[in-house]
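This report is a guided reading of one structure for someone who meets it here for the first time. Please keep the sequence and the 3D view at hand while reading.

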Amino acid sequence: MKREAIFSLLARRAFLRKIGRAATCAGAIVAAGALGVTKEVAAKSESKPSRASFPTKDYDWTQHQWAFGVDATKCIGCLRCVEACKRENDVPGDAHHFRTWVERYVYLEGDKRARIDSHHDPVNIEASGSEREYRFANRYQGAKVEKAFFVPKLCNQCTHPACVQVCPTGATYRTQDGVVLIDHKYCIGCQYCVQACPYGARFYRPKERVTDKCTWCYHRITKGLQPACVEVCPVGARIFGDRNDPQSPISLFIRNNRVQVLRADTGNAPNVFYVGIDKEVS
Amino acid sequence: MPKHIVRLIVLLVASSAIALIAKWFFTVESFYEYGHYRADSVPEIAAQEPVYKTAGYCQSCHSERHAQWSANNHKSVTCETCHGAAEGHPEKGKLPIPADTVKLCTLCHEAMPGRPGTQPQIQVAQHSGGQQCKVCHNPHAPKIAAAAVKVAGDVAAGRQRAAACASCHGAEGISPNDTWPNLAGQSAAYLARILAAYKSGDQKDVVMTPLAQPLSDGDIQNLAAYYASLTCRTVPSTTRIGDAATGKALANNCASCHGATGIATNPAWPHLAGQKVGYLVNVLKAFRGGLRKDPMMAAVVRGLSDADIDNLAAYYAVQSCRPVTEARKTP
């Protein structure tokens with residue numbers, strides 16, 4: 001064996017020995033630490049009394065199953081829902097961050113495909129005069145419009161949400177009453193969920209470095225109120241309620257209409273039910 | 001067992017133990033309580049305070065407004081849709097009363113492809129001549145009340161009954177003096193509405209009230225039909241007041257109801273073209289002073305000065321009342 005080779009072998013052995021010692025020391029320290037926290041560990045292991053009603057003392061999530069309806073035949077595209085949502089949920093004010101939005105589909109005579117725009121289209125921002133105000137520009141006035149309609153969109157609060165599946169930290173989850181929420185304390189802002197959502201319902205808040213999305217105003221519905229967008233809709237295009245109650249607005253809406261969901265083929269089993277939308281809407 | 005294998009096993013066990021203990025230590029208490037997430041985050045999210053307070057919250061102080069709003073066509077539009085979120089009100093100050101109602105109202109009522117046909121929509125450029133919506137419409141009760149009533153009176157019977165009116169309004173509905181209005185060719189629906197208002201006491205006049213009270217509903221219909229059937233005439237006024245050219249500019253504000261030259265398009269509202277100057281001045285001042293009551297007119301005349309009123313009256317008095325009357329008279 002060459003001298004150099006022997007030296008390197010000896011060096012490696014010395015290095016490994018050091019590592020071993022270090023590991024033993026660390027183990028000892030951790031063991032000591034573990035002894036120190038036995039109390040806490042014991043406290044954690046104790047089975048906690050299950051909460052009487054969750055998440056608040058006046059609201060039990062096992063008693064509700066929320067769902068949302070959109071009647072696109074009623075929507076007038078006034079965008080009061082977008083404004084209310086922003087205000088209610090403290091969403092960044094500019095036109096490009098939003099939890100809910102409204103799409104306009106226009107088929108001009110001879111067009112094979114729909115022209116689609118939303119409040120953040122530059123033409124519409126110009127019409128409203130500011131990124132903080134929302135208005136559809138009357139851009140198709142005088143044009144030969146064959147068919148046109150508005151479609152409100154929001155998080156579908158899927159029964160099998162792809163976004164929850166991809167979250168690496170358990171920061172997003174589906175509640176027992178059927179709403180997908182984000183724990184902003186655990187969100188690391190990796191945006192896997194933004195990519196995973198087939199509906200584009202999630203967005204990133206650069207300032208807080210977390211993702212955000214529609215919660216159906218969870219803080220309102222758990223207090224017996226309607227989501228803010230439903231509250232301010234002047235024409236009743238947005239319907240919300242509890243599917244456990246057969247007489248709730250949403251149960252009646254689903255029962256009395258032929259409803260459909262968006263992108264059923266993705267297997268997410270969405271819980272926003274649409275009436276009056278066209279083949280292009282997905 | 002060789003020494004290096006033993007070392008490896010010790011290392012593995014030690015690091016696994018560290019990892020397990022670290023996980024135990026760092027996982028918060030409520031994680032896994034209901035699933036792979038921190039259960040405490042649910043009450044945290046649910047604890048957020050609502051910003052939009054609902055109409056019920058507004059009602060507790062604004063009960064009168066609430067009653068008016070909830071009985072009218074805008075009842076599906078909640079308070080906060082137009083006034084904004086009620087959070088912090090009243091503690092932190094007033095909520096805005098929208099000043100630019102054209103901007104606000106057209107969000108919903110501008111005619112636009114894609115809006116359902118059931119939604120009331122206007123061509124913004126042609127609807128109001130640039131006026132604010134609230135000049136004519138009360139946002140809490142937006143439907144304009146003066147709906148045209150169909151008049152189905154008998155002209156011949158009306159002519160007989162009108163003998164009593166001739167001394168003031170003229171034998172052919174053209175008043176002989178400057179203070180009393182011409183009735184010839186006036187819109188029948190308007191005439192019937194005003195006569196009914198005199199009869200019921202909603203509108204008062206020393207001369208008209210005692211004359212209108214004995215009229216039956218049939219009489220009112222007949223009289224309205226009779227006067228509407230007469231041919232109007234623009235009689236040059238003896239009184240020289242006001243400046244018609246200045247009045248023309250002011251009249252733009254009246255055009256959406258009374259027509260650009262004083263020929264109203266909706267039969268609920270009176271034609272003004274060729275009307276007597278003195279009468280027009282008196283009526284406008286009566287609206288301004290609240291003697292004659294009409295919510296819409298009250299809002300329109302509120303800002304008019306005496307000179308404005310003279311100019312407006314002068315403008316309408318010299319307009320020709322013919323074009324529409326002739327068209328209307330052809331059977």
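Trp216(A) is found in the loop between β10 (210–212) and α7 (218–221) of chain A, where helices (H or I, at least four residues) and strands (E, at least two) are DSSP runs, numbered from the N terminus. Before going further, note that this is a predicted model, in which local features need pLDDT of at least 70 and side-chain atom pairs count only at pLDDT 80 or more, while totals for chains, interfaces and linings use all residues. Residues are numbered from 1 along each chain as its sequence is written, and chains are lettered from A and ligands numbered from 1 in the order in which they are written.

**Backbone features**

Trp216(A) is buried, with 28 other C-beta atoms within 10 Å; a residue is called buried if 20 or more other C-beta atoms lie within 10 Å of its own, exposed if 12 or fewer, and partly exposed in between, with C-beta atoms placed from the backbone. Its phi is near 55 degrees, a positive value in a residue other than glycine. A positive phi, near 65 degrees, is also found in Leu79(A), again a residue other than glycine. Leu79(A) lies in the loop between β3 and α3 (80–89) of chain A, and with 24 other C-beta atoms within 10 Å Leu79(A) is buried. Such cases deserve a mention because most residues other than glycine have a negative phi, and most peptide bonds are trans.

**Chain A as a whole**

Chain A holds 9 helices and 12 strands. Its radius of gyration is 27 Å, well over the 19 Å that the globule rule gives for 282 residues, so chain A is more spread out than a compact globule; the radius is taken over C-alpha atoms, and the rule is 2.2 Å times the number of residues to the power 0.38. Along the principal axes, the C-alpha atoms of chain A fill a box of roughly 90 × 55 × 35 Å. Of the 282 residues in chain A, 39% are buried. Among the contacts in chain A with a separation of 6 or more, 60% come from residues 24 or more positions apart, a contact being counted if the C-beta atoms of two residues, placed from the backbone, lie within 7 Å.

**A sheet in chain A**

An open sheet of 3 strands in chain A has the order β11-β3-β12, with mixed pairing, where two strands pair if DSSP finds at least two bridges between them. The edge strands are β11 and β12 (272–275) of chain A, each of which pairs on one side only, and the twist averages 20 degrees from one strand to the next. Helix α9 (residues 249–256) of chain A packs on this sheet and touches β3, β11 and β12 of chain A, its direction making about 115 degrees with that of β11(A); axes are lines fitted to C-alpha atoms, for helices over the stretch in contact, and angles run from 0 to 180 degrees between N-to-C directions.

Strand β3 (residues 66–71) of chain A is joined to β11(A) by 5 bridges, and the two run antiparallel. Along this pairing, Phe68(A) stands opposite Phe240(A) in β11(A), and Trp66(A) has Asp242(A) in β11(A) as its bridge partner. Strand β11 (residues 238–242) of chain A has 4 of its 5 residues buried, so this strand is largely enclosed by the rest of the structure.

**Where the chains meet**

How many residues does the contact take from chain B and from chain A? The contact takes 41 residues from chain B and 51 residues from chain A. On the side of chain B that touches chain A, at least two residues each come from α1 (3–26), α2 (41–46), α5 (79–83) and α6 (101–109) of chain B, and α1(B) gives the largest share, 8 residues.

**A helix pair in chain B**

Helix α13 (residues 244–251) and helix α17 (residues 306–317) of chain B pack at an angle of about 95 degrees, with their axes 7 Å apart. The helices α13(B) and α17(B) are therefore roughly perpendicular to each other, since angles under 35 degrees count as roughly parallel, over 145 as roughly antiparallel, 65 to 115 as roughly perpendicular and the rest as oblique.
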